[in-house]
Amino acid sequence: MRQIVRVPFLATAPLLVIQCFVWRGNGMGVLRMAVDTGSSFVIIKPEILLTLGYDLTAAPPMTIYGIHAQALTAPQVTLERFGVIGAEEANVDCLALSLPPQVGLDGLVGLSYLQRFSLVTFNFSDNSLTLQR
């Protein structure tokens with residue numbers, strides 16, 4: 001049976017913003033994140049991960065390349081659980097990296113989460129993201 005989860009997004013040009021959740025043990029964080037199909041990883045602010053008890057000092061560094069091939073190095077952690085309600089996933093790779101404060105986001109939803117679904121659809125007529133297994 002195919003599982004389909006529909007998530008509303010806020011179309012704040014040029015970003016598609018959704019509400020996500022991250023868990024560690026009994027702790028949970030509610031995050032405001034942009035969907036970024038150009039990002040290989042989920043990216044979450046380090047302070048959020050630290051608050052939930054993730055150990056960033058033991059995390060291996062990962063170097064990624066951003067706009068204009070700018071190299072950024074950040075700790076890579078594996079999230080116990082991450083996702084949207086109804087489409088939570090275990091063991092999602094994540095980089096602990098802050099976005100510029102003026103963006104006003106807790107992070108990015110990248111391919112380390114999105115690629116777990118067989119179909120990801122953006123519906124701009126009703127501002128929804130559909131995740132299908």
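**Exercise 1. The largest pocket**

Task: What is the volume of the largest pocket in this predicted model, and which residues lie closest to its centre?

Solution. 
- Step 1. The volume of the largest pocket is about 660 Å³.
- Step 2. The lining has 27 residues, and those closest to the centre are Asp36, Ser39, Ile43, Leu99 and Leu108.
- Step 3. Look for elements that give two or more residues to this lining: they are β3 (15-24), β4 (27-35) and β6 (61-65).
- Step 4. Sort the lining by class. There are 19 nonpolar, seven polar and one charged residues.

**Exercise 2. An aromatic pair**

Task: How are the rings of Phe9 and Phe124 arranged, and why does the pair tie together parts that are apart in sequence?

Solution. 
- Step 1. Search the whole structure. Five aromatic pairs turn up.
- Step 2. Take Phe9 and Phe124. Their centres are 5.6 Å apart, with 65 degrees between the planes. An angle over 60 counts as edge-to-face, and this pair is edge-to-face.
- Step 3. Phe9 is in the loop between β1 and β2 (10-12), and Phe124 is in the loop between β10 (119-123) and β11, so the pair links parts 115 residues apart in sequence.
- Step 4. Check accessibility. Phe9 has a relative accessible area of 6%, so Phe9 is buried. Phe124 is at 54%, so Phe124 counts as exposed.
- Step 5. Widen the view. Phe9, Phe122 and Phe124 form one aromatic cluster.

**Exercise 3. Arginines over rings**

Task: Over which rings do Arg24 and Arg81 lie?

Solution. 
- Step 1. The charged end of Arg24 sits over the Tyr54 ring, 5.3 Å from its centre.
- Step 2. Arg81 lies over the face of Trp23, 4.0 Å from the ring centre.

**Exercise 4. Positive phi**

Task: Where is Asn91 found, and where is Asn127?

Solution. 
- Step 1. Recall that most residues other than glycine have a negative phi.
- Step 2. Asn91 has a positive phi, near 55 degrees. Asn91 lies in strand β8 (residues 87-96) and is exposed, at 53% relative accessible area.
- Step 3. Asn127 also has a positive phi, near 50 degrees. Asn127 is in the loop between β10 and β11 and is partly exposed, at 29%.

Technical notes: Residues are numbered from 1 along each chain as its sequence is written. This is a predicted model: local features need pLDDT of at least 70, side-chain atom pairs count only at pLDDT 80 or more; totals for chains, interfaces and linings use all residues. Side-chain values use heavy atoms; hydrogens and water are left out. On a 1 Å grid over the protein atoms alone, a cavity is a set of points where a 1.4 Å probe fits but cannot get out, and a pocket is an open set with protein on both sides within 12 Å along at least five of seven lines; lining residues have an atom within 4 Å of a point. Grid points are joined across faces, edges and corners, and a volume is the space filled by probe spheres set on the points. Helices (H or I, at least four residues) and strands (E, at least two) are DSSP runs, numbered from the N terminus. Ala, Val, Leu, Ile, Met, Phe, Trp, Tyr, Cys and Pro count as nonpolar, Asp, Glu, Lys and Arg as charged, and the others, Gly among them, as polar. Rings of Phe, Tyr and Trp (its six-membered ring) pair if their centres lie within 6.5 Å; planes under 30 degrees apart count as stacked, over 60 as edge-to-face and the rest as tilted. Buried means under 20% relative accessible area, exposed over 50%, partly exposed in between (1.4 Å probe, protein chains only). A charge sits over a ring if NZ of Lys or CZ of Arg is within 6 Å of the ring centre and within 35 degrees of the ring normal.
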